[in-house]
Amino acid sequence: MTSSRTVSRLSRILALIPYVLEKQSADVSEILDRFDYSEDQLTRDLNTVFVCGLPGYGPGDLMEAYIDEDKVIIDAADYFTRAPRLTSTEALGLLAAGMTVVGMGEATPALESAVRKLTKAVMPEASSALVVDVGDESDNVGILRNAAADQRVVRITYRSVGKEETTDRDIEPWTVFTTLGRWYVMGHCRLVDDHRTFRVDRIRDIEVTDELFERPKRVPDPGVGYTASEDDVVCTIDLYPKALWVLEYYPVEVLRQSSRSTRIRFSAPDAEVPARLLLRLGRDAKLVKGIEVAERVNDLGGRLLIAYQ
Amino acid sequence: MQNVVERVLNLLIYLLESPTPVTAEDVRHTVLGYDAQTDEAFHRMFERDKDVLRRLGVPLSRRALDAWEVDYGYTVDPDEYAIPDPGLTQEERVALSVAARMVRLGGSHAGLDALLKLGGIERSVGLEPLGADLGAEADVLGSLFGAITERRAVEFEYRDNTRQLDPYGIAHRRGHWYVVGAGSKGERVYRVDRIEKLTVSDKSGTFAKPKGFDVRSLMDLQPWEAGSDPEVEATIRFDSEVAWWAARTLGLEKPEGELVASVPVANRDALVGWVLSFGDAAEVLEPPEIREEIRTRIEAALEKLP
């Protein structure tokens, strides 16, 4: 197999040539930006183009490609006046990106018309064959996005995922993002004086204050991975086949796996989380170790049984 | 890699410029980089390079050169090769560039590759704090998307079974990609991340989508609405502390105090799971058979305790 690096290098060359040909010559700095090149990569690719051409491969058969002062020049490459078609993965990537932003309710009219034109060009029926839904049920995503763009402190009433408790916090929102079907806001939380990621659907109330903050120059990559801490409640659970979806929804550690059951280590800031999960799984899981969790299951299960008498 | 890049460029130029289809032997003796190879090495090399061309989006076709279909030749039609111009304005190009930077698919900003072919990424000003990660294996998804646009049947392994599907559409919802289409027993929905060993048929245009088909209609359901249980209406009470959150999931107004809501249920298991995720802050009031199911579930969980 040829590496995907070779393919992306060729793809960029085949996109670069028609662009420069049409403009006759282009500023080096513009090309670096527009085609996401480093100067070394651009020089190397131009040198490659320079030695390729029509059979015979004499001086008159090869393409011309070089940097003159601060201009990129390409000539004698009439067969490459257009870039190749989009592959289905590329077309999907761009359409899905456009549709995602349209779906966020953040799209400008220009984006909406761009998606329409692109759909028509690559796939006339895409409007009924491709759907991207990253919608949030509340207006909070929009409010947080604007607060982050304006660098305004927000006050939120938040129901924590781990502890199932509600707190008021002042946060400095840096980024608002969606992954695995949920929306998150990441920023500096003044309550814990550290950066934190919050689930947007768990924000009950939100108030944008007049106070401005300074966004750090470097913001950590958005991520939602749960990091176990020393104070966590840890338990061991056997999952039977019907309960294997748990592996996809919770950050668990798989201890051993067979066709009959999968043993996992489950950590959470509070015993309430595994207790609710175990009740919901019924006979499809078994708690192997974790006294605190067993007590909580007993306690909560007992109360529920009374309610459902 | 340097050699491969040069050789593939030369091969592509040769294919674009030849007025008639060319044979593998023509390529071998004409294009720089293929000479001085053994038969076997040449054929391996040529196969790999044809694969690279396809991955670049080059429409390489193979045609019989005589009536007896003994010899085959390769050709790239320059008109088919060229990307159609979608006629984007400068403003639209900037908007697409911003969107492509915001959205990740299969771990990378897949839309940016497409933008290069459309004339490059436009610079934008200002900070855009929004982002989205759509997950998924970009290759599997891209192949499915290609099969949908060209109406090709697909076959894959799904939970240890082989499935055949005429794919109609794909949808991203609640963090997962789904493919929708017709199987041997009617319309089916599969999670894309569970698809293994996907193969796409060589034949295009082998099926027609039903008139008025729209993926949306199949995807617009809550988990407990999509299923094959006899449909019932369930009434659920949520404590005031979680009522706002349940109302948001159900698309209802934010309530004052507690919430009592009715929902249609076609997948009881999903409903029971959702209600129990609230602990004792939610209770199914009706119908009695779902209450019974919850009771049985809890008793089973309690019996399993060490």
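Reader: Which residues are exposed on the other side of α11(B)?
Author: This is a predicted model, in which local features need pLDDT of at least 70, side-chain atom pairs count only at pLDDT 80 or more, and totals for chains, interfaces and linings use all residues. Residues are numbered from 1 along each chain as its sequence is written, while chains are lettered from A and ligands numbered from 1 in the order in which they are written. Helices (H or I, at least four residues) and strands (E, at least two) are DSSP runs numbered from the N terminus, and a residue is buried with 20 or more other C-beta atoms within 10 Å of its own, exposed with 12 or fewer and partly exposed in between, the C-beta atoms being placed from the backbone. By this count, the exposed residues on the other side of α11(B) are B:Pro288, B:Glu289, B:Glu292 and B:Glu303.

Reader: Within what arc do the buried residues of α11(B) fall?
Author: The buried residues of α11(B) are B:Ile290, B:Ile294, B:Arg297, B:Ile298 and B:Ala301. An α-helix has 3.6 residues a turn, so residues three or four places apart point the same way. Taking the directions from the helix axis to the C-beta atoms, the buried residues line one face of α11(B), because they fall within an arc of 95°.

Reader: Which elements of chain B are included in what covers the buried residues of α11(B)?
Author: The cover draws on both chains, and from chain A it includes α9 (272-281) and α10 (291-307). From chain B, it includes β10 (232-238), α10 (268-276) and β12.

Reader: Which residue does a cis peptide bond join to B:Glu286?
Author: Most residues other than glycine have a negative phi, and most peptide bonds are trans. Here omega is about -10°, and the loop concerned lies between β12 (282-286) and α11 (288-303) of chain B. The residue joined to B:Glu286 by this cis bond is B:Pro287.

Reader: Is B:Lys197 buried or exposed?
Author: B:Lys197 is found in strand β9 (residues 195-200) of chain B, and its phi is near 50°, a positive value in a residue other than glycine. B:Arg151, in the loop between α7 (138-149) and β5 (154-158) of chain B, also has a phi near 50°, and with 18 other C-beta atoms within 10 Å it is partly exposed. B:Lys197 has 9 C-beta neighbours inside 10 Å and therefore counts as exposed.

Reader: What is the bridge partner of A:Val176 in β4(B)?
Author: Two strands pair if DSSP finds at least two bridges between them. Strand β6 (residues 166-179) of chain A and strand β4 (residues 130-133) of chain B pair in the parallel sense over 4 bridges. Within β4(B), the bridge partner of A:Val176 is B:Leu130.

Reader: How many Å apart do the C-alpha centres of domain 1 of chain B and domain 2 of chain B lie?
Author: Domain bounds come from an automatic or database domain assignment, which divides chain B into domain 1 (2-81), domain 2 (90-133), domain 3 (138-220) and domain 4 (225-303). The C-alpha centres of domain 1 of chain B and domain 2 of chain B lie apart by 34 Å.

Notes
Two residues are in contact if their C-beta atoms, placed from the backbone, lie within 7 Å.
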